Amino acid sequence: MSEIVVVYELDRPVTTSTESAGGERPSVRRVHAAPTAPGAHTETGPRTLCGKDTFAMVRAARQPSEQQETPWYPAEHRAVVCPDCDAVIET
């Protein structure tokens with residue numbers, strides 16, 4: 001799974017004013033998987049596996065493991081995993 005990155009769809013965009021005003025970070029609305037950008041394996045591709053635009057999404061600090069027994073998404077966000085992205089990865 002080294003060609004897949006985990007990205008967060010947030011409930012509102014992250015801006016410097018959002019972070020400094022209240023110190024409260026936006027919550028994760030949905031966890032998606034996206035391929036890496038062609039020729040740039042450290043960059044997220046333009047679309048998630050379910051077809052959503054990744055432009056306003058935030059790359060997760062934790063990335064998929066090569067180990068089959070661990071899920072591709074962070075365990076703390078299990079309840080908000082995109083079912084379409086998950087289905088693509090499971091096939």
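The following legends describe close-up views of a predicted model.

**View 1. The largest nonpolar core.** This core comprises 14 residues, and those touching the most other members are V6, Y8, V31, A33 and W72. Two or more residues each are supplied by strand 1 (4-10), strand 2 (28-37) and helix 2 (83-90). Strand 1 gives the largest share, with four residues. In soluble globular proteins, nonpolar side chains tend to be buried together.

**View 2. The surroundings of V6.** V6 is among the core residues that touch the most other members. When neighbours within four places in sequence are left aside, V6 is in contact with V31, H32, V58, R59, A60, R62, Q63, P64, W72 and P74. Two of these partners, V31 and W72, are likewise named among the core residues that touch the most other members.

**View 3. The hairpin of strand 2 and strand 3.** Strand 3 spans residues 40-44 and pairs with strand 2 in the antiparallel sense, over two bridges. The two strands form a hairpin in which two residues lie between them. Within the turn, G39 has a positive phi of about 75 degrees. A37 stands opposite A40, which belongs to strand 3.

**View 4. The salt-bridge network around E9.** The whole structure contains two salt bridges, and E9, R29 and K52 are linked by them in a network. R29 pairs with E9, with the closest N and O atoms 3.6 Å apart. This pair joins distant parts of the chain, R29 lying in strand 2 and E9 in strand 1, 20 residues apart. The side chain of E9 also meets that of K52 in a salt bridge, at 4.0 Å from N to O. K52 is located in the loop between strand 3 and strand 4 (58-59), 43 residues apart from E9. E9 counts as buried, at 14% relative accessibility. R29, in contrast, is partly exposed at 46%, and K52 is partly exposed with a relative accessible area of 38%. Side chains of opposite charge can pair when their charged atoms come close.

Conventions
Residues numbered from 1 in each chain as written. Predicted model: local features only at pLDDT ≥ 70, side-chain atom pairs only at ≥ 80, totals over all residues. Heavy atoms only, no water. Core = buried A, V, L, I, M, F, W, Y, C linked by side-chain atoms within 4.5 Å. Buried < 20%, exposed > 50% of the residue type's maximum accessible area, 1.4 Å probe, protein only. Contact = heavy atoms within 4.5 Å. Pairing = 2+ DSSP bridges.
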